[in-house]
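This briefing is meant for a reader who is meeting the structure for the first time. Please look over the sequence and the model before turning to the notes below.

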Amino acid sequence: MAKLMLFDSTLRDGNHAVRHQIGKEQIEDYCLAMDGTGVHTIIVGHGNGLGASSLQVGFSKLSEHEMLETARKNLEKTRLGAYMIPGFGTIRDNLEPAIRDGVEVFTIGCHCTEADTTKQHIEFLRKKEKEVYGVLMMYHMASAEKLLEEARKMQSYGAMGVILMDSAGASTPDMVQRTVSTLYDSLKIHVGFHPHNNMGMAVANAYTAYMEGADIIDGTLRGFGAGAGNCQLEDVVALFEKCRIKTGIDFYRMLDASETVMPELMGRDMGQDPLSIVSGQAGVFSAFKLPVQKAAEEFRVDARDIFYELGKRKVVAGQEDMIVEVAEGLSRFAGGGPGNINYQLESLL
Amino acid sequence: MERRKVKAGIIGTGNIGTDILMKLRRSDILECGIFAGRNPDSPGIQRAREMGVPVSADSIHAIEENPDCCEIVFDATSAGVHAINAPVLKRLNKFAIDLTPAHVGKFCVPALNMEECLKECNVNMITCGGQATIPIVQAIAEVHPDTRYIEIVATIASRSAGPGTRDNIDEFTQTTRDALTEFTGIKNTKAIIILNPAEPPITMHNTIYALIDHPDMEALQKKVRQAEAKIRKYVPGYKIVMEPVFENGRVTVSLQVTGLGDFLPKYSGNLDIINCAAIEIAENYARRKVSGGADG
């Protein structure tokens with residue numbers, strides 16, 4: 001079995017759970033607590049990555065420069081990472097400044113069928129001699145064969161690995177097994193998995209992914225992250241070590257960080273809640289949860305109906321604008337439609 | 001008496017180029033003089049051949065070798081290729097309409113700056129997202145010059161984004177944002193581009209957000225409707241689907257663009273919005289030539 005690399009997205013995906021309001025001191029405390037614990041990289045930034053601070057997804061409390069600079073100053077041993085989705089950020093406005101701020105590891109993401117939109121950015125970063133991985137988001141929406149085709153494109157652009165993002169937490173163990181093994185058998189580069197916990201399977205799915213050849217597991221402390229939360233890294237380390245899989249993690253230090261830094265960072269418990277289960281079932285991007293709740297309140301409609309309708313419309317990550325439109329539409333709907341069981345079932349098909 | 005038609009060349013035989021070709025058939029003032037790409041077997045070239053249009057696999061060299069084949073050139077290649085083509089077209093004294101996000105020439109939105117653009121020798125059509133949202137953004141900025149921030153989100157069907165668009169996603173995003181600022185004078189702008197692969201494909205959808213301290217919603221709604229009517233003159237499928245509303249502290253407007261279904265099906269409103277705009281400026285240029293204006 002390959003050596004495991006843990007990617008720590010606490011300060012990136014976690015930002016989704018607090019409306020992108022992670023502050024300077026929190027970044028300092030987290031980086032100090034986690035530097036040198038053995039995670040491969042600590043990824044920092046807005047929930048949707050570089051360039052995503054917006055009305056569409058939510059403004060960050062800090063600028064990209066402030067977040068990266070703060071983390072950089074407090075990381076000596078662990079690499080600083082950043083995420084970007086082309087279409088949100090650009091080379092000139094975001095990647096070049098991030099390189100100047102000292103980012104060493106980049107993950108470049110796109111919806112799982114659109115790998116060719118990452119070509120310019122992966123190639124640019126490889127030319128700059130940075131460590132670069134491709135990310136296929138919402139992977140549950142494509143077949144294993146299609147995902148392999150897309151991952152191969154990223155490999156040809158120079159990506160050093162491809163990470164499957166279970167952005168909706170919609171994975172069954174069988175899906176993970178089939179998809180990861182298909183990629184592992186045919187790619188020459190690393191394969192990674194980024195689980196979400198909508199159906200309580202994040203850690204189990206990470207384990208399955210590893211057994212099928214994935215050597216990158218991307219998670220967060222306490223599962224702090226979008227929607228139902230992420231794959232809890234403390235759990236992964238506990239489970240893997242018990243299974244005699246070496247993680248290279250200073251476990252006590254990681255647990256200390258979990259206990260001392262996380263309660264203040266999270267603000268609230270990350271256990272499963274009903275709305276996240278609905279969003280997972282409907283196959284909608286986990287990070288839509290807070291904006292959906294907000295829109296439900298604003299337009300006095302049921303947040304669950306919004307999720308089912310979004311699922312029906314097959315929206316992808318980044319389409320937050322549809323939330324308001326759907327909520328506004330539902331608010332004009334009188335009886336017979338949403339709330340009706342047939343309507344919900346139809347949405348799931 | 002039948003009026004003289006002005007010849008236009010098209011370089012690039014992908015989605016954009018082929019859709020322009022189909023649209024030129026409807027024009028009473030333009031005709032296609034050359035349809036040039038690099039692949040002699042591309043579906044676009046085949047279609048042009050069937051239509052009896054002169055074709056070439058020699059790209060811009062076809063125009064260099066036979067400069068009389070056209071007066072106007074639609075460049076539907078890629079940002080990198082247009083940067084190389086632009087000086088050649090200038091030397092040949094062609095009116096270049098750039099459909100890539102190269103931004104060599106002046107940004108052009110026919111509803112807003114047609115007259116100024118007709119004085120140029122190279123105009124840039126920005127991007128589909130830019131063509132769809134800038135007139136609305138400009139209307140908002142006109143009512144509220146105090147707008148603090150503008151953001152647009154353009155969502156298009158994956159199937160309508162050809163390899164050129166995908167290879168240029170970075171320029172696409174950057175150029176759209178740069179144009180938002182140039183047309184409104186508002187420094188703080190953002191453009192977000194989303195590709196959605198759903199089947200059946202989704203219709204092109206755009207949302208505009210604005211941060212305004214005390215928005216005059218009535219004035220905004222009126223101005224936005226006026227802008228819509230102006231664009232509908234050259235893009236019939238352009239439709240506001242959510243009038244300006246004030247929600248969560250922001251002004252939000254949504255619009256859809258349904259295409260004419262000339263080359264790709266009707267969901268590809270993104271092709272229509274940029275191509276109809278390109279044809280609008282080309283026809284105006286041609287009309288002046290024919291009526292003996294300028295150097296005609």
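Two strands are said to pair if DSSP finds at least two bridges between them, and helices (H or I, at least four residues) and strands (E, at least two) are DSSP runs, numbered from the N terminus. This is a predicted model, in which local features need pLDDT of at least 70 and side-chain atom pairs count only at pLDDT 80 or more, while totals for chains, interfaces and linings use all residues. Residues are numbered from 1 along each chain as its sequence is written, and chains are lettered from A and ligands numbered from 1 in the order in which they are written.

**The sheet in chain B**

- Strand β5 (residues 95-98) of chain B pairs with strand β7 (residues 122-124) of chain B in the parallel sense, over three bridges, and B:A96 stands opposite B:N122 in β7(B).
- Seven strands of chain B form an open sheet with parallel pairing, in the order β3-β2-β1-β4-β5-β7-β6.
- The edge strands of this sheet, β3 (55-56) and β6 (106-107) of chain B, each pair on one side only.

**Chain B as a whole**

- Chain B has 10 helices and 12 strands.
- The radius of gyration of chain B, taken over C-alpha atoms, is 19 Å, close to the 19 Å that the globule rule gives for 296 residues, so chain B is as compact as a globular protein of that length; the rule is 2.2 Å times the number of residues to the power 0.38.
- The C-alpha trace of chain B spans about 60 × 45 × 35 Å along its principal axes.

**Two domains**

- Chain B is divided into domain 1 (6-125 + 274-290) and domain 2 (128-268), with bounds that come from an automatic or database domain assignment.
- Between these domains of chain B, 22 residues of domain 1 are in contact with 24 residues of domain 2, where contact means that the C-beta atoms of two residues, placed from the backbone, lie within 7 Å.
- On the side of domain 1 of chain B that touches domain 2 of chain B, the elements that give two or more residues are α1 (15-24), α5 (110-118) and α10 (269-290) of chain B, and the largest share, five residues, comes from α1(B).

**Contact with chain A**

- The contact between the chains takes 26 residues from chain B and 28 residues from chain A.
- On the side of chain B that touches chain A, β9(B) gives the largest share, six residues.
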